[in-house]
Amino acid sequence: MSKLTNKVALVTGGSRGIGAAIAKRLAADGASVAITYTKGVDAAASVVKEIESAGGKAIAIQSDVVDVDAVKAAVEKTVETFGQLDVLVNNAGIAIVKRFEETTLEEIDRVIDINIRGTFIMTQAALKYMKDGGRIIMIGSCVGERMMTPKLVSYSATKGAIKMFTQGLSREVASRSITVNNVQPGPIETDLNPATGDWAVSQKNNTALNRYGSVDDVAALVAFVAGPEASYITGANLTVDGGTNA
Ligand code: NDP
């Protein structure tokens, strides 16, 4: 038996980047996995196909985390398809890479809506169905705790909010043995954060290891937190950042 056999996981923003790697890793560890996405129908379908080809079970659901009805429907579809919900990974997120004074109100609203409000409403919807002993895992950021990356002021504030959401919620749901943890990546090569260009140079220089990390580095930590050996870890901010915050 694999570590997550008979478990069901829902990963928001699982069609690309870190979310796709998390979905594949949780499936490889035995979980049935639902992923959400907004636009990337083909990308989401290819993640599902890859999981199924490896012998796993997966579904893709179009669901924008800003749309409360779509969020509830995604949770319901997951439970309807796989019978239960054990693990929620709040991964969907965007960044606004701009000096704060140049950021528009529309951009500020969008980053708050997706990174904070989306995480709140998805977590509320999932808690309604989550089994005792479940796992809620946020994908925060190392900049939610310590800030050295230029042009990420509003984004880092949203990730700081996710850190405190994690800590507060961990106390409320502990009576159901549900753990709540915040995985905080450093620079990870994805569409959101390509490892090339000036912005990448400063991020790489901030790491102790002098390199970007991979999506699989983050997925490995998420899989551990989702697994049975992590049952005494809750309310924790777990950084996987190559030493950026060291
Ligand atoms: P990507 O931009 O590469 O992928 C984002 C994923 O989220 C896609 O699957 C996208 O699907 C989905 N998504 C975007 N908006 C929404 C939405 N409104 N509702 C549902 N799904 C959505 O990002 P990363 O993989 O780099 O980032 C994933 C998470 O990790 C984010 O929370 C980010 O803040 C965090 N992070 C990333 C770091 C990095 O260096 N890459 C560092 C620290 C944290 P679609 O294409 O269909 O919209």
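Residues are numbered from 1 along each chain as its sequence is written, and side-chain values use heavy atoms, with hydrogens and water left out. Because the model is predicted, local features need pLDDT of at least 70 and side-chain atom pairs count only at pLDDT 80 or more, whereas totals for chains, interfaces and linings use all residues.

The largest nonpolar core has 33 residues, and I22, L26, V33 and V89 have the most contacts inside it; such a core is a set of buried Ala, Val, Leu, Ile, Met, Phe, Trp, Tyr and Cys residues joined through side-chain atoms within 4.5 Å, where buried means under 20% relative accessible area, exposed over 50% and partly exposed in between, with a 1.4 Å probe and protein chains only. At least two residues of this core come from each of β1 (8–11), α1, β2, α2 (41–53), β4 (87–90), β5 and α7 (215–226), the helices (H or I, at least four residues) and strands (E, at least two) being DSSP runs numbered from the N terminus. Beyond its neighbours within four places in sequence, V89 is in contact (heavy atoms within 4.5 Å) with residues including L10, I22, L26, I137 and V222. A second, separate core of 26 residues includes F82, I136, I162 and V180.

I162 is also among the buried residues of helix α5, together with Y155, F165 and L169. What covers the buried residues of α5 includes α4 (105–127), β5 (135–139), β6 (179–185) and β7 (237–240). The 21 residues of α5 (residues 153–173) should span 30 Å at 1.5 Å a residue, and the end C-alpha atoms are 31 Å apart, which agrees; the expected span is 1.5 Å times one less than the number of residues.

Helix α5 also supplies at least two residues of the lining of the largest pocket, as do α1 (17–28), β2 (32–37), α4 and α6 (198–206). Of the 43 lining residues, N91, A92, G93, I94 and L192 lie nearest the centre of this pocket.

Away from these elements, K131 is found in the loop between α4 and β5 and counts as partly exposed, because its relative accessibility is 40%. Leaving aside neighbours within four places in sequence, K131 is in contact with Q84, L85, D86 and I178. In the loop between β5 and α5, K151 has a positive phi of about 65 degrees although it is not a glycine, and K151 is partly exposed at 44%.

Definitions and conventions: On a 1 Å grid over the protein atoms alone, a cavity is a set of points where a 1.4 Å probe fits but cannot get out, and a pocket is an open set with protein on both sides within 12 Å along at least five of seven lines; lining residues have an atom within 4 Å of a point.
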